[in-house]
Amino acid sequence: MLDNLIFCLNATVPIFLLMVLGYLFKVLKIFNESLTKGINAFVFKIALPILVYKELATSEVEALWDGGFIIFCFVATMASILIGWAVSFIFKDKLVRTEFIQGTYRSSAALLGVGIATNLYGSAGMTPLMIIGAVPLYNVAAVILLTTGTNEGKITPALMKKTFIGVLTNPIIIGITLGLLRSLIPASIILPKTLNYVSDLATPLGLMALGASFKFDEAIKKVAPTLLATFFKLIVFCGLWIPVAIGLGYTHDRLVAILIMTGSPTTVSSFVMAKSMGYDGTVSAGTVMLTTILSAFTLTLWLYILRTLGLI
């Protein structure tokens, strides 16, 4: 049992220590807001796309591809959004309801998924396929929810076109697509060391930038929706979908990818998008902060349970 605990801690502790380092660097004024934004842009536009491209381009896609797994990730995400929507009606404020829904389902799938999977298995594993199934839906649903969540908000053809183009031009989705296509070419990959150098920056820089983005003064101002969203994000959806995934025969890197999809902290982009669309962002900020802090414990616990059961 101690070996199982050490195995799980080796997967999660380095992740969260990098976040702590990022916050410490901000306190010491090594990282400022401008630098943090630049690092985030580099990670999500360059380093992470190159990482998933490299992982897929150098893999046997025929062995890796699993359409059923992608469909499962899509269906589980859609069902989670609908559950969050139904539960949100316990709150009277329509704006709070919208931020609550987004906080319950929108995970840090790419950054945390790649980091934990790499710590466990030495590669991103099934994380890129999970991203295909879940992340486009994350983004489309967020735009629809945040638009209709305001009294004057309307879904227009122009908005849906912009959203669709945004999904297609998502750098991580592009990296996955190019990686899948490159894997079909029977030739050695070009400049592998350069790709390795850049992709190796994705996880450490991304996690430190995430830590440096924390603003504890914005943490929890609306307690009830923040706590409930955190409970659903870290506990409820894991407890719902992991048994279903196990019943379908998913284990090891597939099960870890599903755990990340359902139980990783709420992504910072949920707060950024809410603010940009006219919301005060207090529920989003609190949910991001609380899920990130508590997930250090909940993800370790989930991994420990799955490891003890011999499933990962």
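This is a predicted model: local features need pLDDT of at least 70, side-chain atom pairs count only at pLDDT 80 or more; totals for chains, interfaces and linings use all residues.
A residue counts as partly exposed when its relative accessible area lies between the buried limit, under 20%, and the exposed limit, over 50%. H252, at 37% relative accessibility, is therefore partly exposed.

- H252 is not a glycine, yet its phi is positive, at about 50°, and the residue belongs to helix α13, which covers residues 252–263.
- K29 is likewise a residue other than glycine with a positive phi, in this case near 65°.

**The loop between α1 and α2**

- K29 is placed in the loop that lies between α1 (2–27) and α2 (33–57), and because its relative accessible area is 73%, K29 is classed as exposed.
- I30 is found in the loop between α1 and α2 as well, but with a relative accessible area of 48% I30 is classed as partly exposed.
- When neighbours within four places in sequence are set aside, the contacts of I30 are with F25 and L35.
- Between I30 and A212 there are 9.9 Å in space, taken from C-alpha to C-alpha, although the two residues are 182 residues apart in sequence.

**Packing of α4 with α5**

- Two packed helices are described by the angle between their axes together with the distance between those axes.
- For helix α4 (residues 67–87) and helix α5 (residues 94–105), the packing angle is about 145° and the axes are 9 Å apart.
- The crossing in which α4 passes α5 is right-handed.
- On the α4 side the contact involves I81, G84, W85 and V87, and these meet F100, I101, T104 and Y105 on the α5 side.
- Sorted by class, the residues in this contact of α4 with α5 comprise 6 nonpolar and 2 polar ones, with no charged residues.

**T300 in helix α15**

- T300 is located in helix α15, which is made up of residues 282–308.
- The relative accessibility of T300 is 9%, and T300 is therefore counted as buried, since the limit for that class is under 20%.
- If residues up to four places away in sequence are not counted, T300 touches C8, L9, T12 and S295.

Conventions
Residues are numbered from 1 along each chain as its sequence is written. Side-chain values use heavy atoms; hydrogens and water are left out. Helices (H or I, at least four residues) and strands (E, at least two) are DSSP runs, numbered from the N terminus. Buried means under 20% relative accessible area, exposed over 50%, partly exposed in between (1.4 Å probe, protein chains only). Axes are lines fitted to C-alpha atoms, for helices over the stretch in contact, and angles run from 0 to 180 degrees between N-to-C directions. A crossing is left-handed if the near helix is turned anticlockwise from the far one by less than a right angle, and right-handed if clockwise. Contact means heavy atoms within 4.5 Å. Ala, Val, Leu, Ile, Met, Phe, Trp, Tyr, Cys and Pro count as nonpolar, Asp, Glu, Lys and Arg as charged, and the others, Gly among them, as polar.
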